[in-house]
Amino acid sequence: MRRSSRSTLRSIQHKILADVNPELGAKALQEIEKEFGPNKAIFSHTDVTDYNQFEDAFKKAVEKYKNVDILINNAGILNDAIWQKQIAINVVTKPSS
Ligand SMILES: NC(=O)c1ccc[n+]([C@@H]2O[C@H](COP(=O)([O-])OP(=O)(O)OC[C@H]3O[C@@H](n4cnc5c(N)ncnc54)[C@H](O)[C@@H]3O)[C@@H](O)[C@H]2O)c1
């Protein structure tokens, strides 16, 4: 987690972390629990370019915390050799099916 993300996280009571990489997600969850205490966050294994997975992450958040107040889309890759994928992840995400 970058410093700017950390200061934002401090102002959010419950967090749902969504990442395509489960190892990074588990590590981020551990860091959050260490800093904010247990049961302050859950992890959703999510590819933001997949509509169903993206919707699933929202469902998990609503099931656990009733609603979603803030969405921070920080998913990103830097690789111009696969620029279409880069645009899909960094810019488009997946607002509709
Ligand atoms: N770090 C910087 O200095 C910097 C500067 C300007 C812009 N950015 C942009 O900010 C964003 C985040 O940067 P960062 O340095 O935190 O990157 P990072 O690599 O630390 O984090 C990006 C995360 O996105 C995840 N991810 C990749 N593809 C995904 C997908 N399809 N679905 C869900 N998760 C996915 C990765 O697993 C990773 O955990 C990127 O878009 C980056 O281009 C970063």
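# Report on a predicted protein–ligand model

The protein chain has a mean pLDDT of 89, and 92% of its residues reach 70 or more; pLDDT is the predictor's confidence in each residue, from 0 to 100. The model is a predicted one, in which local features need pLDDT of at least 70 and side-chain atom pairs count only at pLDDT 80 or more, while totals for chains, interfaces and linings use all residues. Residues are numbered from 1 along each chain as its sequence is written. Within the protein chain, confidence is lowest in helix H1 (residues 3–10), with a mean of 75, and highest in strand S2 (residues 41–45), at 95. Helices (H or I, at least four residues) and strands (E, at least two) are DSSP runs, numbered from the N terminus.

## Strands and helices

Strand S1 (residues 15–19) pairs with S2 in the parallel sense, over five bridges; two strands pair if DSSP finds at least two bridges between them. Leu17 has Phe43 as its bridge partner in S2. From S1 the chain passes through H2 to S2, and this β-α-β crossover is right-handed. A crossover has this hand if, with the strands pointing away from the viewer, the path from the first strand over the helix to the second runs clockwise.

Helix H2 (residues 22–36) contains 15 residues, which at 1.5 Å a residue should span 21 Å; its end C-alpha atoms are 20 Å apart, in agreement with this. The expected span is 1.5 Å times one less than the number of residues in the helix. Helix H3 (residues 51–65) also has 15 residues and reaches 21 Å from its first C-alpha to its last, close to the expected 21 Å.

Helix H4 (residues 83–92) lies largely in the open, because the number of buried residues among its ten is one. A residue is buried if 20 or more other C-beta atoms lie within 10 Å of its own, exposed if 12 or fewer, and partly exposed in between, with C-beta atoms placed from the backbone. Val92 lies in H4 and counts as exposed, because it has 11 C-beta neighbours inside 10 Å. The C-alpha atoms of Val92 and Thr49 are 7.8 Å apart, although 43 residues separate them along the chain.

## Residues with a positive phi

Most residues other than glycine have a negative phi, and most peptide bonds are trans.

| Residue | Position | Phi |
|---|---|---|
| Gly37 | just after H2 | about 100° |
| Lys66 | just after H3 | about 80° |
| Thr93 | following H4 | near 55° |

Lys66 is a residue other than glycine, and it is found in the loop between H3 and H4. Lys66 is exposed, because 8 other C-beta atoms lie within 10 Å. Asn39, which is not a glycine, has a positive phi of about 60°. Asn39 is found in the loop between H2 and S2, and it counts as exposed because it has 9 C-beta neighbours inside 10 Å.

## Surroundings of the ligand

The ligand is surrounded by 16 residues, of which the closest are Val20, Asn21, Val48, Ala75 and Gly76. A residue is near a molecule if its C-beta atom, placed from the backbone, lies within 6 Å of it. By class, this shell has seven nonpolar, six polar and three charged residues. Ala, Val, Leu, Ile, Met, Phe, Trp, Tyr, Cys and Pro count as nonpolar, Asp, Glu, Lys and Arg as charged, and the others, Gly among them, as polar.

Val48 lies in the loop between S2 and H3. Val48 is buried, because 21 other C-beta atoms lie within 10 Å. The C-alpha atoms of Val48 and Val68, 20 residues apart along the chain, are separated by 16 Å.
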